[in-house]
Amino acid sequence: WAEGLMKGECREEEGLGPKPAAPQQPTEEEEALIEFHRSYRDLFQFFCNNTTIHGAIRLVCSKHNRMKTAFWAVLWLCAFIMMYWQFGQLFGEYFSYPVSLNINLNSDKLVFPAVTICTLNPYRYTQVKEELEELDRITEQTLYDLYKYNSSNTLGAHPRGRRDLREPWPHPLQRLRVPAPPSGARRARSAASSVQDNNPQVNRKDWKIGFQLCNQNKSDCFYQTYSLPDTSLSSGEDMLDNFIFACRFNQASCNQANYSHFHHPMYGNCYTFNGKNNSNLWMSSMPGIKNGLSLTLRTEQNDFIPLLSTVTGARVMVHGQDEPAFMDDGGFNLRPGMETSISMRKEALDRLGGNYGDCTKNGSEVPVENLYRSKYTQQVCIRSCFQENMIKQCGCAYIFYPLPKNAEFCDYRKHNSWGYCYYKLQDAFSSDHLGCFTKCRKPCSVTSYQLSAGYSRWPSVTSQDWIFQMLSRQNNYTINNKRNGVAKLNIFFKELKYKTNSESPSVTMVTLLSNLGSQWSLWFGSSVLSVVEMAELIFDLLVITFLMLLRRFRSRYWSPGRGGRGAQEVASTPASSFPSHFCPHSTSLSSSLPGPAISPALTAPPPAYATLGPCPSPSSLAGAHSSAYTLGKP
Amino acid sequence: MAPGEKIKAKIKKNLPVRGPQAPTIKELMRWYCLNTNTHGCRRIVVSRGRLRRLLWILFTLTAVALIFWQCALLVASFYTVSVSIKVHFQKLDFPAVTICNINPYKYSVVRDLLADLEQETRVALKTLYGFPENTSRKRREAESWSSAWEGTRPKFLRLVPLMVFSQDETSQARDFLTGRKRKFSGRIIHKASDAMHVHASKEVVGFQLCSNDTSHCTLYTFSSGVNAIQEWYKLHYMNIMAQVPLEKKINMSYSAEELLVTCLFDGVSCDARNFTLFHHPMYGNCYTFNNRENETILSTSMGGSEYGLQVILYINEEEYNPFLVSSTGAKVIVHRQDEYPFIEDVGTEIETAMATSIGMHLTESFKLSEPYSQCTEDGSDVPISNIYNAAYSLQICLHSCFQTKMVEKCGCAQYSQPLPPAANYCNYQQHPNWMYCYYELHQAFVREELGCQSVCREACSFKEWTLTTSLAQWPSVVSEKWLLPVLTWDQGQQIKKKLNKTDLAKLLIFYKDLNQRSIMESPANSIEMLLSNFGGQLGLWMSCSVVCVIEIIEVFFIDSLSIITRRQWQKAKEWWARRHAPPSPQGQDNPGLDIDDDLPTFTSALRLPPAPGTQVPGTPPPRYNTLRLERAFSDQLTDTQEPAES
């Protein structure tokens, strides 16, 4: 409390004041630096006359009437209790940090979000064929064994033909009974659970298909393909021309600076338009198809990896500029031979951080390192958290998530049992044993885009001739299966209105203070300054007590021994019979210079105090004023 | 003496205006501090000790500052709104639904008008991309055209030539019609140098638009030839269609009976009469269901697809314009009855051979207008005239603004928007360089140089229907066998051919549920709240009230000012008197009186009545009063009663 501090300083000054300031004081003729009342009676009288606390004045000053005093004491106490009860309620409300939801409907020109489009085909089959050949062969064989599916006609003749499969690969695909055999103990159980959760599975009565991963065996299987990300990245670079035929935004062509490329292990080559590194961000100043992004895509299926990509088309995702594109979280698949018009509607959510809610502004206080070098989102955090745990427990990093410092991606050649470890970790992760979901807090501001799509057939029968011809001619490439080979995509804002859901504190400091003041005024009629008055009174009381004790102490022990100054002081102070300002140094001054030092202003009050022995009621004071006014009239 | 003067003097006598009692500002302050109800002030005066007094001054000033600060915060946050969301369950009005075929006009009908253009487009395609002019389907017609081609000179390509640019040297272009190289000094709008499609030929297609004097030319390049051709075609198409009268255009487009094969609303059959025609410049004839024109607004009694609008649309794909539209289907838009359907901007496409289910969810929003936000109730306070025959919306304003600017700058109106009064659509005959003008203007609009975006404000209340689209294969293989013949038989009069699966599209529009969400803003603070908060602040810090504030105004402004003026007046008078008559009796009086009566009057005035016995305070009051009276009157009267004396 500020006043308390002030008082503390005061006391210090006061304590120091008398000794060094004593010689200077006599030069000041009017009043001392600080003065104290002579006795408790004076003090109380002074307080009683000048206090602004309602009720208190009645309580103290109506001391001649016991009945009145008791009455006022009860009233005062009641008001006091009421006030503090109300204060308690108000503080309780404030410190529960309530928030009120605001919905703002804004309309503004909008920054076009980043749009990421993926080919849905990780690698060109022709280029990775050699590397995957053995895997394909095994998979085919398994398919044949399990389902009697003869795939030789789909994949054509293999150059090497079918090798003998007497020596099986590790982790063979096999049928597993759903109720795990009890003898398998821990290993079998974990395998069964992982099968349920994560593996490609085929339901057929009570059988499930899966592969078993055990920590003794070497692991391979599908993930082998993903652990070789650098093999065909270079060949993927030049796919842009073959993937996107035309790109327009706001009726202007896109250029090199508008997009960036990355490779996603599942969804293939991805192109982010209007991403973080776009030189000047696209703005939408009008809603509608014409003012959005329009892309013509190639969705040929010739070089898809037959056993990995089971869907055709493209995958598109709309996200904020500084957020990474998690294609499997929020993607939208495009059908080939269609014009897909995706209309967006922006929605923003702002939470109040700090005491008002559990959210984080930029993720700096979340105990998980952000591996994505992008804006904090909950997904980013959860993935980083998983990767962290993966490295801690399995010793290597999961290939789908970014690589932290001094770690390496999992490779079955170095880390034998990473697959087993991964599935175990995945299990713990989804049941939240890792604590990732509790560690990762919600971000305070979230921007989301609501998408809705409309489809129309493209190109139309009448126009397809020239369009196909032109597209093939332009790209030096013949579109074979016509309509399935192309797709068109429009992404645009449906409206520029957007909703912002934001929180605001429903009780602010200002309203809290106002409410406190209202209650205070209502019950007590006092103010903060009245509290300071009380503090001053207490301070004065303490000082006077101290001085009195000191004086008594001095008079008892010091005055007989040493006459000098102490005797003079003690003698002089009681000598002044009428109440005067008690000031140790000024008394010496007054004793030495009695006449001129006392100014008329200072001498005048004492008689007034004396005459006012019975405290003047405010009404009499008011009467005095009014009389002063009325006297002026005639 | 005039009677007026008399009355004046009488009034002055009976209602005397008196100045403050205190002779000096210091006295006035002292008097104020002792008598005010505001906490803190009294302590400044009655405390003893300079430090104590200083501290009390500090406290009081701090409290005043805090009051001001907090009240400023309260005022600043006065214009905030609180939002309430209500969910009603009720019978909902069905919105207006506008359905258009993507293709505006039947190509067989409109072909006569566009024959030249089509021919030139094909020539351009052939020259640019080696597209065989004689495709299998149109061999006959093409042959007849190519024979006609010899005679006529290409007029469209001459007006706006399509060009091929080589990637490296954009200043040099090959006009493919003449084949000769041209030098271009015009600026290139879309930088072709870093276009992302670096195809083998390293060529970019575009066209050039020039203003009247051919010095200002703008080059539009397209990374894809398809876009270039379409854009080029569209320009000329708009030019041609702008000259066709509206009735003819309506006749060229699809009739309601043709477009709507079956119709079912809320389980009851409906037909083409329930739809009102709305002609859209780019989409031809559109039909609006539930437009309030012929009857009251329809409403649905239940949610779910059974109770909504179900229509089967006939999309005749063979009648499609090959260059203008490249996709097949219909467009649908859900809007308020008095709203203009911006089908080209926000329509949802419907695919052929598919059943498209659109579930709706209604959200109503009401905003508070000035001073809470910038929205407008009905657009009357927006300085843009609404050229659409519909209720105000932001988009209408933007389009109207652009169209008005277009008429201003280019002298004619753009084809795809309604005509403002006293203007006509652009065409070559009257406005040879309107295309250049349009493109320039559109670029400026997108860059927000026209100021439309800043002038137009959003509407305060709007309804929006959130749509959820889902698709299903329709008709199914087994139902196709009976469905198509039945529909063909039904439509025997309109359609002279057997219906195909890809000619039809099914559309279902329905309310997902009958709850309506209303988002309503209301003022978060009322004036009473503000006042009570003010009162709270004043009470908390200083226990002050409005009376105190009035007191402060009285003492600090009126009284202080009058004291100062009085002092100045006295000085001036003194100076005047000294100048005329050096020995002035008044000049001696005043200082003496001030010194004598200062302290006794004000310190004792308070405690005067209860202490009649003592002689020290007892003496001053009469002196003070008489003095004050004299002074007050002498001061006031010297200047006010001058005419009476004279």
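Colleague: At what angle do helix α13 (residues 378–394) and helix α14 (residues 418–430) of chain A pack?
Modeller: This is a predicted model, where local features need pLDDT of at least 70 and side-chain atom pairs pLDDT 80 or more. Residues are numbered from 1 along each chain, and chains are lettered from A. The axes of α13(A) and α14(A), lines fitted to C-alpha atoms over the stretch in contact, are 10 Å apart. Their angle, on a scale from 0 to 180 degrees between N-to-C directions, is about 135°.

Colleague: What does that make α13(A) and α14(A) to each other?
Modeller: Under 35 degrees counts as roughly parallel, over 145 as roughly antiparallel, 65 to 115 as roughly perpendicular and the rest as oblique. α13(A) and α14(A) are therefore oblique.

Colleague: Which residues of α14(A) does α13(A) meet?
Modeller: Contact means heavy atoms within 4.5 Å. From α13(A) come I382(A), F386(A), N389(A), M390(A), Q393(A) and C394(A). Across from them in α14(A) are W418(A), C421(A), Y422(A), L425(A), Q426(A) and F429(A).

Colleague: Over to chain B: how many residues of strand β20 (residues 504–523) are buried?
Modeller: Buried means under 20% relative accessible area with a 1.4 Å probe, protein chains only. Strand β20(B), a DSSP run of E with at least two residues, is mostly covered. Of its 20 residues, the buried count is 14.

Colleague: Which residue in β20(B) is the bridge partner of Q310(B)?
Modeller: Strands pair if DSSP finds at least two bridges between them. For Q310(B), the partner is L508(B).

Methods. Side-chain values use heavy atoms; hydrogens and water are left out. Buried means under 20% relative accessible area, exposed over 50%, partly exposed in between (1.4 Å probe, protein chains only). Helices (H or I, at least four residues) and strands (E, at least two) are DSSP runs, numbered from the N terminus.
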